[in-house]
Amino acid sequence: GEIEFEWAGDTARCVGVVVHQYLQRIGRDGLTAWSAQRVAGLDTAIARTLARQGVPRDERVQAVRSVQEALTRCLADQRGRWILDERHADAAVEWALAGRDRNQVVHVVLDRSFVDEDGTRWIIDYKTGAHRGGDREVFLDNEQLRYRPQLERYARLLAAREPRPIRLG
């Protein structure tokens, strides 16, 4: 059947921005400082941030729930915890890079990057796209295709700086 893309509405986009901000904080603070209980206690702070982002009052309660659910899932997920782990070598959040790529000067910001125990450089780009109905794997494959050029540009910029293997996520 046809694949339907539900493009993020304004509230969904704002939820993504706020989830992003908190993932950056968790990456800076370290996993030990964050728990599901801490996330659950952030209702008011998250609601205020969403209000500043312009989320209408009648959509705010659900938006707060969406932010908390995304963060709680990351903290409960083995891969999510691995990505956010502060013990990685050379870890960075919101890493601004500039360089030449395909004959143009580019400026990019990597959500998260680190070097794993095998010496591989990881470039992680956070996405909060909601999967509604349909095949989850197809959705994930399509998201990967959609963002691959952006991630590959990040990889080219880093490959010009360091010789280690690079993986994208």
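Is Q24 buried or exposed, and what is its relative accessible area? I looked this up first: Q24 is buried, at 4%. (Buried means under 20% relative accessible area, exposed over 50%, partly exposed in between, with a 1.4 Å probe and protein chains only.)

Before going on, I noted that this is a predicted model, where local features need pLDDT of at least 70, side-chain atom pairs count only at pLDDT 80 or more, and totals for chains, interfaces and linings use all residues. Residues are numbered from 1 along each chain as its sequence is written, and side-chain values use heavy atoms, with hydrogens and water left out.

**Entry: around Q24.** I found Q24 in helix α1, residues 10-29. Setting aside neighbours within four places in sequence, I see Q24 in contact (heavy atoms within 4.5 Å) with V93, E94, D111 and Y126.

**Entry: the whole chain.** I get six helices and four strands, in the order α-α-α-α-α-β-β-β-α-β. (These are DSSP runs numbered from the N terminus: helices are H or I with at least four residues, strands E with at least two.) Buried residues make up 36% of the 169. I also checked contacts between residues at least 6 apart in sequence, and 63% of them join residues at least 24 apart.

**Entry: helix α6.** I checked the length of α6, residues 136-159: at 1.5 Å a residue its 24 residues should span 34 Å, and the end C-alpha atoms are 32 Å apart, which agrees. (The expected span is 1.5 Å times one less than the number of residues.) I noted a bend of about 50° at R148, with a proline, P149, following within four residues. (The bend is the angle between axes fitted to the seven residues ending there and the seven starting there.) Buried residues in α6 include N142, Y147 and L151, and the buried residues of this helix pack against β1, β2, β3 and β4.

**Entry: salt bridges.** I have eight of them in the structure. (A salt bridge is a side-chain nitrogen of Lys or Arg within 4 Å of a carboxyl oxygen of Asp or Glu.) R156 pairs with D101, closest N and O atoms 2.7 Å apart. That pair links distant parts of the chain, R156 in α6 and D101 in strand β1, 55 residues apart. R156 is partly exposed at 29% relative accessibility, while D101 is buried at 3%.
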